[in-house]
Amino acid sequence: MIADDLDTLDAHQLRDALRAARADGAFKQAVIEKLTHENAILKRLKFAAQSERFGAEQRSLLDETLDSDLAAVAAEIEALQPSRVTGERQQPRREKLPTHLPRRDVCHEPANTTCGCGQAMQRIGEDVAEKLDYQPGVFTVERHIRGKWVCKCCERIVQAPVAPHIIDKGLPTTGLLAQVLVAKYLDHLPLYRQEAIFERAGHAIARSTLAQWVGECGVQLQPLVDALAAELRRQPVLHADETPVAMLKPGHGKTHRAYLWSYCSTQFSPLQAVVFDFADSRGGQHARDFLGLPGTPGKPAWQGKLVCDDFAGYKACFELGVTEVGCMAHARRKFHELWANHGSQVGEQALKFFGQLYEVERAATNADSRARLEARQAARPLADAFHQWLRQQRQRVPDGSATARAIDYSLKRWAALTRYLDDGDLPIDNNWVENRIRPIALGRQNWLFAGSLRAGKRAAAVMSLIQSAKLNGLDPYAYLRDVLQRLPTHPASCIEQLLPHQWQTV
């Protein structure tokens with residue numbers, strides 16, 4: 001509410017406005033105090049970790065993570081602080097970029113150099129700001145030249161405004177920032193390795209500086225990830241899976257098992273997106289929190305169909321209105337292990353049934369939902385025959401045997417496993433989301449995070465954008481570079497325009 005509006009309010013409305021302002025101020029102050037406390041803990045961990053028995057690589061990864069966390073917390077505190085008078089905050093003095101790096105001039109001039117009095121203005125000088133850019137293997141410097149124009153008649157100076165940047169008054173271009181993020185979260189290159197790569201390219205950038213950039217970019221990109229998650233929750237069918245990730249815990253000198261939860265739309269959906277959610281455990285509450293379960297009157301819970309494995313953590317979701325869709329691939333693996341490890345005839349025959357069901361799916365992969373449903377309905381007798389055969393075989397094997405366990409896995413979940421037969425929009429298995437996780441699992445040896453969840457959640461957020469960009473056929477580097485360029489001036493109400501499946505270059 002602006003000052004002019006206050007004049008139109010009566011006493012009752014003014015009291016309400018004052019209460020609302022106090023409540024908002026109290027909430028912000030509480031968040032600032034929480035972040036300040038977290039900041040103090042991170043600083044203490046940074047110094048305490050030096051005495052712990054980490055290897056050189058672990059120590060480097062821990063240092064860069066703590067530096068990123070500190071930068072992210074500082075950025076969040078800065079955003080919550082009341083606006084300061086210009087010039088109150090002293091900017092650190094920046095060293096000049098090396099003279100041997102190639103320069104590229106980017107000129108910014110006023111759109112109109114004719115003064116209001118009608119006289120033509122004269123150029124009397126310029127301000128030059130240098131930003132560091134990077135193309136694979138080559139550093140360059142962008143010289144942003146802002147000419148100064150003056151009207152001698154009116155003694156009026158005009159100059160093009162400084163373009164907003166994702167990191168206020170930051171040194172790197174959005175191209176360099178995108179390179180660091182893609183290298184870290186897609187190519188799994190820790191910052192100490194990137195530091196060495198940059199040094200070979202002709203300009204050394206301290207990993208602590210790289211870590212600060214990563215932390216600040218993570219804060220700026222989070223609203224985009226939140227919007228992507230909200231759009232994903234509007235889908236009627238979702239995949240879900242989780243994979244373990246090692247997490248360093250300062251103060252303990254060892255790793256802890258955390259988890260990266262993954263949610264994505266199906267291959268049949270017009271929306272192609274994946275969102276990762278980092279958590280410090282495998283508790284089912286994490287899945288319920290992401291899906292908004294059990295929900296509130298003002299914010300209803302997601303009530304769609306969830307394709308997942310038989311992990312117990314998802315069971316509570318099905319008691320809260322979510323429909324379970326089983327994974328036929330998981331059931332098949334049980335019988336494949338029987339056949340591969342023991343030469344089981346039961347396993348071999350079961351694989352033939354699975355093969356016939358999957359053959360129907362392969363034939364209908366490119367069909368529309370209605371044609372796919374018709375093909376599946378035609379395969380219903382085959383599924384019924386398979387079910388009957390499993391029940392017969394179960395009566396012939398002893399309890400507790402490997403064969404009995406494989407058969408019981410399918411029989412106990414048969415309704416969920418065959419639910420896809422009655423819905424052309426459901427997938428037969430959960431392989432689609434498992435393939436989304438696989439590239440991340442390949443870089444698992446680099447997944448070492450600090451004790452706070454901040455670093456893991458930041459990684460999950462950036463990887464959500466990168467992997468969603470890949471799903472939509474985009475170059476992750478080009479996408480992130482453009483998004484980082486546009487975010488500072490893009491309206492928050494139109495944030496969905498920057499999501500990977502809606503993104504268009506301008």
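Reader: What share of the residues in the chain is buried?
Author: Keep in mind that this is a predicted model. The chain has 506 residues. A residue counts as buried when its relative accessible area is under 20%. By that cut-off, the buried share of the chain is 47%.

Reader: How many helices and strands are there in the chain?
Author: The chain holds both kinds of element. Its count comes to nine strands and 17 helices.

Reader: Among contacts between residues at least 6 apart in sequence, what percentage joins residues at least 24 apart?
Author: Start with the contacts in the chain whose partners sit at least 6 apart in sequence. Then keep those that join residues at least 24 apart, and you have 67%.

Reader: Is helix 16 roughly parallel or oblique to helix 17?
Author: Two packed helices are described by the angle between their axes and the distance between the axes. Here helix 16 (residues 454-471) and helix 17 (residues 476-486) have axes 9 Å apart and pack at about 125°. That angle makes the pair oblique.

Reader: Which residues of helix 17 does helix 16 meet, and how many charged residues does the contact have?
Author: From helix 16 come Leu465, Ile466, Ala469 and Lys470, and they meet Pro476, Tyr479 and Leu480 in helix 17. By class, this contact has six nonpolar residues, no polar ones, and the charged count is one.

Reader: What is the handedness of the crossing of helix 16 and helix 17?
Author: These helices pack at an angle of about 125°. Their crossing is right-handed.

Reader: Is Thr266 buried or exposed?
Author: Thr266 sits in the loop between strand 6 (254-264) and strand 7 (274-279). Leaving out residues up to four places away in sequence, Thr266 touches Val237, His239, Leu271, Gln272, Asp425, Pro427 and Trp432. Its relative accessible area is 3%, so Thr266 is buried.

Reader: What separates the C-alpha atoms of Leu176 and Tyr134?
Author: Leu176 belongs to helix 4 (residues 174-185), and it is buried, with a relative accessible area of 0%. Beyond residues up to four places away in sequence, Leu176 touches several others, including Tyr134, Phe139, Phe198 and Trp213. Leu176 and Tyr134 are 42 residues apart along the chain, yet the separation of their C-alpha atoms is 5.1 Å.

Reader: Where does Glu155 lie, and what is its phi?
Author: Glu155 is in the loop between strand 3 (138-151) and strand 4 (156-159). At 70% relative accessibility, Glu155 counts as exposed. Although Glu155 is not a glycine, its phi is positive, about 55°.

Reader: Is Lys169 buried or exposed?
Author: You'll find Lys169 in the loop between strand 4 and helix 4. Lys169 has a positive phi of about 55°, although it isn't a glycine. The cut-off for exposed is over 50%. With a relative accessible area of 55%, Lys169 is exposed.

Definitions and conventions:
Residues numbered from 1 in each chain as written. Predicted model: local features only at pLDDT ≥ 70, side-chain atom pairs only at ≥ 80, totals over all residues. Heavy atoms only, no water. Helix = DSSP H or I, 4+ residues; strand = E, 2+ residues; numbered from the N terminus. Buried < 20%, exposed > 50% of the residue type's maximum accessible area, 1.4 Å probe, protein only. Contact = heavy atoms within 4.5 Å. Axes fitted to C-alpha atoms, helices over the stretch in contact; angles between N-to-C directions. Parallel < 35°, antiparallel > 145°, perpendicular 65-115°, else oblique. Left-handed = near helix turned anticlockwise from the far one by under 90°. Nonpolar A, V, L, I, M, F, W, Y, C, P; charged D, E, K, R; others polar.
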